[in-house]
Amino acid sequence: MDKGNVWDERAQAYRDSAPHAAGPDLDRLVEWAGAGAGKTALDVGSGGGHLARRLQEAGYAVTTCDPSPGMHPDVICRAEELPFPRASFDLVASRLAFHHFTSTELALAEVARVTADAFLLEDLLFVDERVEQAEKLRDPSHMRCYSLDEWRALFAAAGLAIEASEVIERQTSFSAWLERCNCTGETAERARELLSHRLDGDNYASTVFLLEGVKTS
Ligand SMILES: C[S@@+](CC[C@H](N)C(=O)[O-])C[C@H]1O[C@@H](n2cnc3c(N)ncnc32)[C@H](O)[C@@H]1O
């Protein structure tokens, strides 16, 4: 089964997901985006559409793109091959999706190509190998999280200068996190063991980062 089909099955769960629908991380990303009246934005890996909705509320004319037809994006495509000309959008943004992309380098080169100016990124921060293993067990489409140092190098290679960065600790429901990807039984138990240092009852402390990149050329 390809990734698009996996995400089609999960589409409703991600539309209904509380940590995707709201939170201080989403508020901060939208604050960084600023007023959008008269401006265009592209949301890459738009999923259940929560970032896109908030950017629309801020006044942006938003185009959503995602490879999963079940997510109902405006454009069905992968981040690694964006079907838009150079500098098509005033703002390009992506939230909680990059760790699923097959090639971070290609996707970053693409967002840098299609933005006229800024790229806003939120994603899971690399914590340790136990967290990576648990993420991959719970969701085999999880590719890799990176540290801030690794992201700094990736942004520089893509021609994006970092204007702002922030790290935010999110408190989420561990059981809801498992349910969204239909992770049950022994696999769920192993994920629980691996995440024991991040769990307090059902509370899962997951760390995200936000970066604001601006095109250097
Ligand atoms: C967790 S959801 C994104 C949540 C969404 N950004 C929000 O704000 O609610 C991850 C999304 O990444 C998409 N995705 C997976 N691989 C992708 C790729 N190579 N390019 C673009 N999107 C991809 C999935 O289809 C899924 O919709």
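Student: How many residues has the largest nonpolar core, and which have the most contacts inside it?
Tutor: The largest nonpolar core has 42 residues, and those with the most contacts inside it are Leu55, Leu91 and Ala93. It is called a core because it is a set of buried Ala, Val, Leu, Ile, Met, Phe, Trp, Tyr and Cys residues joined through C-beta atoms within 7 Å, buried meaning that 20 or more other C-beta atoms, placed from the backbone, lie within 10 Å of a residue's own. The model is predicted, with local features needing pLDDT of at least 70, side-chain atom pairs counting only at pLDDT 80 or more, and totals for chains, interfaces and linings using all residues. Residues are numbered from 1 along each chain as its sequence is written.

Student: Which strand gives the most to this core?
Tutor: Strand S5 (residues 115-124) gives the most, with 5 residues, a strand being a DSSP run of E, at least two residues, numbered from the N terminus.

Student: Why is strand S4 described as largely enclosed?
Tutor: Of the 7 residues of S4 (residues 89-95), 6 are buried, so the strand is largely enclosed by the rest of the structure.

Student: What makes S4 a partner of strands S1 and S5?
Tutor: Pairing requires that DSSP finds at least two bridges between two strands. S1 (residues 40-44) is joined to S4 by 3 bridges, running parallel, and Ala41 stands opposite Leu91 in S4. S4 and S5 also pair in the parallel sense, over 6 bridges, and there Ala93 has Leu120 in S5 as its bridge partner. Both counts therefore meet the requirement of at least two bridges.

How values were computed. A residue is buried if 20 or more other C-beta atoms lie within 10 Å of its own, exposed if 12 or fewer, and partly exposed in between; C-beta atoms are placed from the backbone. Helices (H or I, at least four residues) and strands (E, at least two) are DSSP runs, numbered from the N terminus.
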